[in-house]
Amino acid sequence: MSIEYDLLGEALKFAKRKQRVIPNHWVAAPNTCSCYRGAQCDAIGKHPIMNEWQRCASSDESIIKGWVEQWPKMNLGVLTVGFAVFDYDFKNGGNDSLRELELKYGPLPATPSVLSGGGGGHKHFQMPDGDIKINKGFLPGLDFLVHNSQVIVPPSLHRSGKRYAWEIDYSYDDVPLAPMPSWLIEIISKGKKP
């Protein structure tokens with residue numbers, strides 16, 4: 001039994017919120033990217049098809065429909081404009097880092113949240129005030145994406161063979177973007193260590 005995923009429908013939901021969609025390469029076979037690097041790709045199914053992807057990202061429905069027709073297996077990315085993403089990566093210890101932060105400061109607020117196919121996830125937040133920058137690896141397995149970065153979203157397929165999926169009751173249809181807690185902004189702003 002196969003499950004059908006509504007790639008176009010999901011892409012258009014982002015477009016209706018004025019979030020700009022980016023077509024990405026996809027997992028063409030186990031551990032193989034659809035790009036020319038194939039199995040040697042270091043970002044299988046997680047990088048844009050187009051070179052000037054930040055400029056080309058779009059919320060125009062006709063453009064998005066054309067992309068889905070041209071690349072029906074594409075993975076879906078969204079440009080981080082108007083929102084920020086807290087990314088925790090299981091394989092690099094992100095789940096442990098997140099658990100330690102929440103034990104110390106309390107749980108993160110309810111906000112749209114994605115489970116990645118690799119065992120980690122993404123929490124989408126309102127854009128914080130001030131001059132906060134991208135910070136990859138500010139703690140083991142934790143990244144902060146903002147200002148024209150890209151985040152992979154459902155129903156994209158991870159190299160593990162699992163799909164990105166909204167946490168139950170935590171999609172954009174269920175909860176609004178929450179403000180990022182001040183303690184998390186402070187940790188991210190300070191750099192690699194809190």
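Select strand E1 and strand E4 (residues 75-79), which pair in the antiparallel sense over four bridges. Strands here are DSSP runs of E with at least two residues, helices are runs of H or I with at least four, and both are numbered from the N terminus; two strands pair if DSSP finds at least two bridges between them. This is a predicted model, in which local features need pLDDT of at least 70, side-chain atom pairs count only at pLDDT 80 or more, and totals for chains, interfaces and linings use all residues. Residues are numbered from 1 along each chain as its sequence is written, and side-chain values use heavy atoms, with hydrogens and water left out.

Next, go to serine 58, in the loop between helix H2 (53-56) and helix H3 (61-70). Its contacts (heavy atoms within 4.5 Å), leaving aside neighbours within four places in sequence, include Val21 and Trp67. Serine 58 counts as buried because its relative accessibility is 9%.

Last, select the open sheet of six strands, ordered E8-E9-E5-E7-E6-E11 with antiparallel pairing. Strand E8 (135-139) and strand E11 (165-166) stand at the edges; each has a single partner strand, so one side of each has no neighbour in the sheet. Helix H5 (residues 182-190) packs on this sheet and touches E5, E8 and E9.

Note on methods. Buried < 20%, exposed > 50% of the residue type's maximum accessible area, 1.4 Å probe, protein only. Axes fitted to C-alpha atoms, helices over the stretch in contact; angles between N-to-C directions.
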